[in-house]
Amino acid sequence: MTTYSKIYDVIVVGAGHAGCEAALAAARLGHPTLVVTVNVDHIGEMSCNPAVGGLAKGHLVREVDALGGEIAKNTDATGIQFRRLNTKKGPAVQSSRAQADKEQYRLRMKRVLEGQENLDVKQGLVDALIVEDRAIRGIITSIQERFLGKTVILTTGTFLKGLVHIGLKHFYAGRMGDPASIKLSDHLRDLGLEVGRLKTGTTPRLDGRTIDFSRLEPQYGDDHPAPFSFETESITQEQVPCYITYTNKKAHEIIKTGLDRSPLFTGIIEGVGARYCPSIEDKVVRFPEKPRHQVFLEPIGLGTTEIYPNGVPTSLPVDIQLKMLRSIEGLEHVEIVRPGYGIEYDYVDPIQLNPSLECKTIRGLFLAGQINGTSGYEEAAGQGIMAGINAVRYVTGEPPVVIGRAQAYIGVMIDDLVTKGTKEPYRMFTSRAEYRLLLREDNADLRLRELGHDIGLVSDSLYEKFKLKREAIDRLLGLLSEIRLTPRPDVNLTLEGLGLGTINQPALLMDLLKRPGAAFEDVARLDSRLLDFDKEIIEQVSILIKYNGYIRRQTEQVERAKHLEGTKIPEAFDYQTIPGLSNEVKEKLSRIRPISLGQASRISGITPAAVSVVQVYLKKRLAG
């Protein structure tokens with residue numbers, strides 16, 4: 001066995017979206033870091049849909065960027081269609097989505113990792129961890145290489161005992177074309193971790209030359225694409241449309257003829273799939289009343305003819321896949337380049353992790369991404385950057401960085417995972433965030449940029465630029481709260497001409513902006529000083545003013561919850577000695593070991609009365 005002499009501070013297993021963010025964060029913080037991945041040519045691979053963002057997911061992307069991560073910049077540099085979603089709804093649920101050039105996305109991320117100081121990249125399949133006295137010491141690969149490290153971050157995606165299904169055929173693979181990690185999964189079980197089984201799926205990829213786009217409805221991106229990253233000034237690369245078509249009754253009948261050879265309906269697939277993203281065969285069976293389902297034909301990149309038919313993930317036999325597709329308008333002569341498939345994989349129940357994403361039973365072992373039961377590039381990236389940060393904090397002996405639910409969607413996601421666990425693939429939704437009006441996509445930098453700078457991932461120059469933005473917001477708010485109009489005839493005439501109504505008593509410009517239908521551009525005509533501010537400053541201020549009552553209410557809710565969040569529970573607190581708690585409550589608290597009363601209150605089955613009992617005994621212990 002070969003043991004490398006170099007000892008790393010952080011070893012990252014896997015180089016998907018979680019692994020890339022984890023490795024870059026650790027290396028950028030100045031710590032020797034190693035990435036070991038099955039295939040170095042697949043660093044940053046978009047295994048499923050080549051798109052980033054979407055409802056709630058766009059929030060995660062911008063939060064990672066505000067902290068100093070890479071996913072937003074990589075998307076901006078390779079995106080070929082950008083769209084702002086939910087623009088007719090309130091700012092809390094508006095989000096961004098971008099179609100990326102799959103090949104360019106992967107290549108750029110690979111270049112970023114290869115060019116990063118303090119970061120080594122090696123190809124290998126990890127079979128085991130080196131653990132001594134319940135603390136991590138390194139990894140062992142399939143060819144008996146030993147790499148020693150002070151921490152290890154597992155970001156294995158769907159590779160843990162990954163099993164691909166196409167019809168009744170199945171074979172081990174991490175994804176199509178890459179080997180699965182078999183031994184590592186068994187090794188984690190041997191270490192005492194609880195491992196479960198999940199399932200996801202992907203669509204067939206189509207030859208765009210065999211699609212009749214002239215019969216389909218085009219879907220264009222925004223005329224002025226808005227970047228994801230706060231550092232990107234503009235999107236300059238070529239933009240392309242997607243196209244919309246639909247399944248139909250004939251397609252559904254074809255799907256039904258293949259159910260006897262479907263691994264999903266013959267019991268071959270045992271893993272639990274995502275309710276929010278079912279396969280097309282599952283949709284047809286579960287929703288028989290629906291005559292059609294929407295299909296988005298999305299280009300995979302500028303340098304290829306491959307098309308991703310978003311909406312028809314499937315593990316049906318290839319012959320059924322082809323017949324089904326050819327029954328859809330515009331796809332009558334389509335050819336499949338790569339078949340769709342389902343994949344089962346092992347994951348580690350995240351309830352076994354601390355909020356830092358460190359394993360409770362093995363010191364220095366961190367987990368991020370799909371291994372924690374999540375789905376999606378964005379969820380993985382959010383966990384990855386936090387795992388990278390906290391692995392470094394473990395090495396330096398500093399307390400971990402734990403982002404709260406009122407601070408970021410990243411905080412909501414991690415708290416959900418480590419507090420409640422998951423038995424199905426976890427996806428971020430805006431509905432998961434109780435303070436979502438405070439956690440808007442547009443203000444991610446205002447929430448997290450300073451933290452990113454304090455951690456060391458945001459440079460001084462970027463932070464100074466951010467401070468200028470924050471100061472500009474304060475200046476504009478100040479002007480709007482200082483400039484007062486008097487109810488003179490000429491003033492009311494001007495106001496009526498701008499569509500702002502009239503006033504019968506002195507009014508601040510801020511009050512005018514609160515009026516229904518009032519636009520900042522109209523109010524700005526009343527004072528030339530308001531014309532000196534950038535668009536993003538105006539957007540921030542307009543939201544703060546128009547939604548002031550709702551924002552204030554949520555801020556008050558956060559303040560009320562701070563007491564529970566701030567009441568820490570000692571790690572070795574013995575719940576078994578507390579009378580008045582049911583055995584079920586004692587078992588849950590002992591297993592999850594919440595770090596605060598706030599986290600305890602969010603554990604499923606833990607009542608407010610139980611939290612009060614724990615609070616009383618905490619006070620007694622502290623008083624004693």
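Helices (H or I, at least four residues) and strands (E, at least two) are DSSP runs, numbered from the N terminus. This is a predicted model, in which local features need pLDDT of at least 70, side-chain atom pairs count only at pLDDT 80 or more, and totals for chains, interfaces and linings use all residues. Residues are numbered from 1 along each chain as its sequence is written, and side-chain values use heavy atoms, with hydrogens and water left out.

**Exercise 1.** Work out what share of the residues is buried.

*Solution.* Buried means under 20% relative accessible area (1.4 Å probe, protein chains only). By that cut-off, 57% of the 624 residues qualify.

**Exercise 2.** Describe the largest nonpolar core and the surroundings of Leu-129.

*Solution.* First, the term: such a core is a set of buried Ala, Val, Leu, Ile, Met, Phe, Trp, Tyr and Cys residues joined through side-chain atoms within 4.5 Å. The largest one holds 92 residues, and Leu-129, Leu-154, Leu-188 and Met-386 touch the most other members. Helix 9 (residues 377-396) gives the largest share of this core, nine residues. Now look at Leu-129: beyond neighbours within four places in sequence, its contacts (heavy atoms within 4.5 Å) include Ile-136, Val-152, His-187 and Leu-365.

Key
Buried means under 20% relative accessible area, exposed over 50%, partly exposed in between (1.4 Å probe, protein chains only).
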